[in-house]
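Biologist: Please pick one part of this model and take a close look at it. Then place that part in its surroundings.

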Amino acid sequence: MRVDIQSLGTYNRLAQEGAEHAAASLTGMTGIETYVDVTNVTLMSKRDVEDVFGGTQFVGVQIGLGGGLSGETALAFDRDSAASIVDVLVPGASAGDDDEFDDMARSGISEIGNIMMGGFVDGWADYLSTSVDMTPPTYVERDGTDVLPGGALDRAEEEHVFVFESQMTAVDAEIDAYIYMLPEYGAFAEMLSASEDHDDAIPMDKLTVFDEMTRQGAERAAENVSSMTGIETDVDVSRLSFVPIEDVPNTARDEVYLGTVMEFTGTPGGYLAILFDEPSARTIVDATVPMELDEPLGDMGESAIQEMGNIMTSGFIDGWANVLQTSIDHTPPELVHDLGTAILSPIAGRLGQSQEYAFLMDSTVVTPEGEFNCEIYAIPDEQKLKEALDALLVERSDQLEANRESLF
Amino acid sequence: MKTYGGASSSRARKRVGIADFAVTTDGAVLTTSGLGSCLGIGLRDERAGVAGLIHVMLPTAPEEPPNVAKYADTGVDAVLTAMRDEGASPDRVRAKLAGGSAMFEFDSQDEPIGERNVAVTRTTLDRLGIPVDAEDVGGDSGRSIRFHADTGDLRIKSAGTERRI
């Protein structure tokens, strides 16, 4: 199958509009002003799905879709957000911090879930000029991946799954809600598939290889951090998503980071940002600089982060070069100390001159004891990514597996 | 990105996303964060009590842009139209600018985006006869801004410092 980039863009926009309808419903019913933060479509393997959903307790509803669009959806709130909404929506219902959600609370969540998802689905039905059937909502209160509709994880085991994800946030309150839609693979693949000679089409199997590349790059970068700091690390999340270019900066949190940014100058071209939030940067500096440094981090601390960024960058590039079987040219990593969104904005701007959407590969390096975490963003130039993938023999994906095994 | 709710909100603060704008008629504080090479453009007709803020990412729109708010040239037009719909008179509107930095070497040579965002915005405002009262642009740091629609103050946070123009 070949995936048409433009049609993936169209579906991403539908999901964004759908999420805006859902956010408007949430605002209408609760009076809490909300906005849609990010909408993306992600190609996930089973491991990606487990990484993304692991460890969080969700409350929400699951709704199945049939008719013109078949698949599964879930609307999930983290537990505290669900409790805040219940407080507004069904005063008197029991949904406190330590309480079980009682029947009133559950039906309140089911009702708002049903209304929000109705808004989400309407836009798709309009675009596809078809009707979409929704099953009645099933209330769920579960940990991690269990919030996903049944079977989604099993399907991810056999093949990658497309996951549409929209995050909604309240302006003045700590409320986060997520909409997930997992279209039925076969039908969606057909919707996406392009003719063989389509200029923008990317072969699906190569896209999954690229997903693996990200993981391998992040793992090598993480190994290098471990050997520098002596702190054990792991790659928590590593995924390939597809977002409108103006949403790229929003994928970093609205806080100050330290790290390095560099530009790939060959094929694939693009940008790599390796970012630590300030407490994490402090931990890294304390682990690598053998003396007490002042608060906040000065020149000495920044140069330690620069060094860490250089070493992680070279690990990441080794991972990519291994898959692409080619050398990768890049500018020297530049130190940056600023707001995450500001750091990513020039990258989005430069790429945005020639593309409407971005493939964003984001990974998070974490430690078992939570000493620090590090966010890695690789954002290839669309055209050059396509060239790199065209040049990539699919057999190399087998080689990738072999190399991965020899690594550990 | 759009925000829902609005004028009745008790805090009267409106958040503007990237490639997005907001217009207020009730003196709300319009905010946007994480301006790197992007540019924040605050427009205000004091007498009509109408103000707008836009966060643009690129200087010049292609033909039939899917999102006019992404570009300086089409974005300024879009905010101004929305302000006119709320009773602003274009010949009374005045502007303030913040953002347009060059954060990296790779974005500093060969026509930096931030610089071009500022240049195209100035040209567009000039064509529309809108004077720029104050600006805080360029440099190599990101900015977060709050545009106070009631007073016209533009408050800027950047690299740990705060200033007001």
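Modeller: Helix 1 of chain B and helix 2 of chain B cross in a right-handed way. A crossing is right-handed if the near helix is turned clockwise from the far one by less than a right angle, and left-handed if anticlockwise. Helices here are DSSP runs of H or I with at least four residues, strands are runs of E with at least two, and both are numbered from the N terminus.

This is a predicted model, where local features need pLDDT of at least 70 and side-chain atom pairs count only at pLDDT 80 or more, while totals for chains, interfaces and linings use all residues. Residues are numbered from 1 along each chain as its sequence is written, and chains are lettered from A and ligands numbered from 1 in the order in which they are written.

Back to the helix pair. Helix 1 covers residues 72-85 of chain B, and helix 2 covers residues 113-127. Their axes lie 9 Å apart, at an angle of about 45°. Each axis is a line fitted to C-alpha atoms over the stretch in contact, and angles run from 0 to 180 degrees between N-to-C directions. The two helices are therefore oblique to each other. Under 35 degrees would count as roughly parallel, over 145 as roughly antiparallel, and 65 to 115 as roughly perpendicular; the rest is oblique.

Which residues of the two helices meet? From helix 1 of chain B come Ala72(B), Asp73(B) and Val76(B). They meet Asn117(B), Val120(B), Thr121(B), Thr124(B) and Leu125(B) of helix 2. By class, this contact has four nonpolar, three polar and one charged residue. Nonpolar means Ala, Val, Leu, Ile, Met, Phe, Trp, Tyr, Cys and Pro; charged means Asp, Glu, Lys and Arg; the others, Gly among them, are polar. Two residues are in contact if their C-beta atoms, placed from the backbone, lie within 7 Å.

Now the rest of the chain. Chain B has two helices and ten strands. From the N terminus, the order is β-β-β-β-β-α-β-α-β-β-β-β. Chain B has a radius of gyration of 15 Å, close to the 15 Å that the globule rule gives for 165 residues, so it is as compact as a globular protein of that length. The radius is taken over C-alpha atoms, and the rule is 2.2 Å times the number of residues to the power 0.38. In chain B, 54% of the 165 residues count as buried.

The loop between strand 5 (50-56) and helix 1 of chain B holds Glu64(B). Glu64(B) is not a glycine, yet its phi is positive, about 45°. Most residues other than glycine have a negative phi. Glu64(B) is exposed, with 6 other C-beta atoms within 10 Å. The cut-offs are 20 or more such atoms for buried, 12 or fewer for exposed, and partly exposed in between, with C-beta atoms placed from the backbone.

Ala159(B) also has a positive phi, near 45°. Its place is the loop between strand 9 (154-158) and strand 10 (161-164) of chain B. With 15 C-beta neighbours inside 10 Å, Ala159(B) is partly exposed.

Last, the neighbour. The contact takes 29 residues from chain B and 33 from chain A. On the chain B side, strand 3 (residues 29-35) gives the largest share, three residues. That side has 13 nonpolar, ten polar and six charged residues.
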